[in-house]
Amino acid sequence: MSPSQSTWSQDAPIGLKQEVLNVMTQTYGKEVEGFEFESYRMCWDAVTPKQDWVISPHPNSGSLYIATAGSFHGWEFLPTVGAYVVKMLQNKLTDEQARRWGWDRDNSGAAHGALLPTRDLSDIEGYTSPNEKAT
């Protein structure tokens, strides 16, 4: 494992860097000839089968509350999601909200199946698991 690469580092695998370059080149063509990235950052997010939030107390821990799963566009809800987190903490979510955003909800029927991930970071060329020893 490279010294700086871990699950939480910003040391992106070479395969991911190549994919970014390919998308940029295919999108902008000659406009970006010779362009080189100075650095890469990975943005961590979680997607749920229905692309809904998880805003819920953890069912097995009385003092653990979950607010996650932005499904790759959650950042745009940051101005409003806090109000729902507060309602969850105060046990004031509507029955529909608690059911839809609950930890143990029904996850059948993806909202946008094409958006579900088809691979894991470990599938990307050059990724090294933090559990693997450096060679």
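The model is predicted; local features need pLDDT of at least 70, side-chain atom pairs count only at pLDDT 80 or more, and totals for chains, interfaces and linings use all residues. Residues are numbered from 1 along each chain as its sequence is written, and side-chain values use heavy atoms, with hydrogens and water left out.

Salt bridges were examined next. The criterion is a side-chain nitrogen of Lys or Arg within 4 Å of a carboxyl oxygen of Asp or Glu. Side chains of opposite charge can pair when their charged atoms come close. The structure holds 3 salt bridges. In one of them, R100 pairs with D52, and the closest N and O atoms are 3.0 Å apart. R100 lies in helix α3 and D52 in the loop between α1 and β1, so the pair ties together parts that are 48 residues apart in sequence. Helices (H or I, at least four residues) and strands (E, at least two) are DSSP runs, numbered from the N terminus. D52 is buried, since its relative accessible area is 11%.

E19 and R119 also meet through their side chains in a salt bridge, at 2.5 Å from N to O. E19 is partly exposed at 31% relative accessibility. R119 is partly exposed too, with a relative accessible area of 43%.

E96 forms a salt bridge with R99, with the closest N and O atoms 2.8 Å apart. Both residues belong to helix α3; they are 3 residues apart, so about one helical turn separates them. E96 counts as partly exposed because its relative accessibility is 40%.

Aromatic contacts followed. Rings of Phe, Tyr and Trp (its six-membered ring) pair if their centres lie within 6.5 Å; planes under 30 degrees apart count as stacked, over 60 as edge-to-face and the rest as tilted. A search of the whole structure gives 3 aromatic pairs. F37 and Y40 have ring centres 5.2 Å apart and planes at 40°, so the pair is tilted. Y40 is partly exposed, at a relative accessible area of 24%. Y84 and W101 form an edge-to-face pair, 5.2 Å centre to centre, with 75° between the planes. Y84 lies in helix α2 and W101 in helix α3, so this pair ties together parts that are 17 residues apart in sequence. Y84 is partly exposed at 29% relative accessibility, whereas W101 is buried at 11%.

F35, F37 and Y40 form one aromatic cluster. F37 is found in the loop between α1 (14–28) and β1 (54–57) and is partly exposed at 31% relative accessibility. V20, F35 and F37 make a nonpolar surface patch of about 240 Å². Patches consist of residues with over 30% relative accessible area and no salt bridge; like charges are joined within 9 Å, nonpolar side chains (Val, Leu, Ile, Met, Phe, Trp, Tyr) within 5 Å. Accessible areas come from the Shrake-Rupley method with a 1.4 Å probe; for residues, only the protein chains shown count as cover.

Most residues other than glycine have a negative phi. Phi of N91 is near 60°, a positive value in a residue other than glycine. N91 lies in the loop between α2 (78–89) and α3 (95–101). N91 is exposed, at 71% relative accessibility.

Note on methods. Buried means under 20% relative accessible area, exposed over 50%, partly exposed in between (1.4 Å probe, protein chains only).
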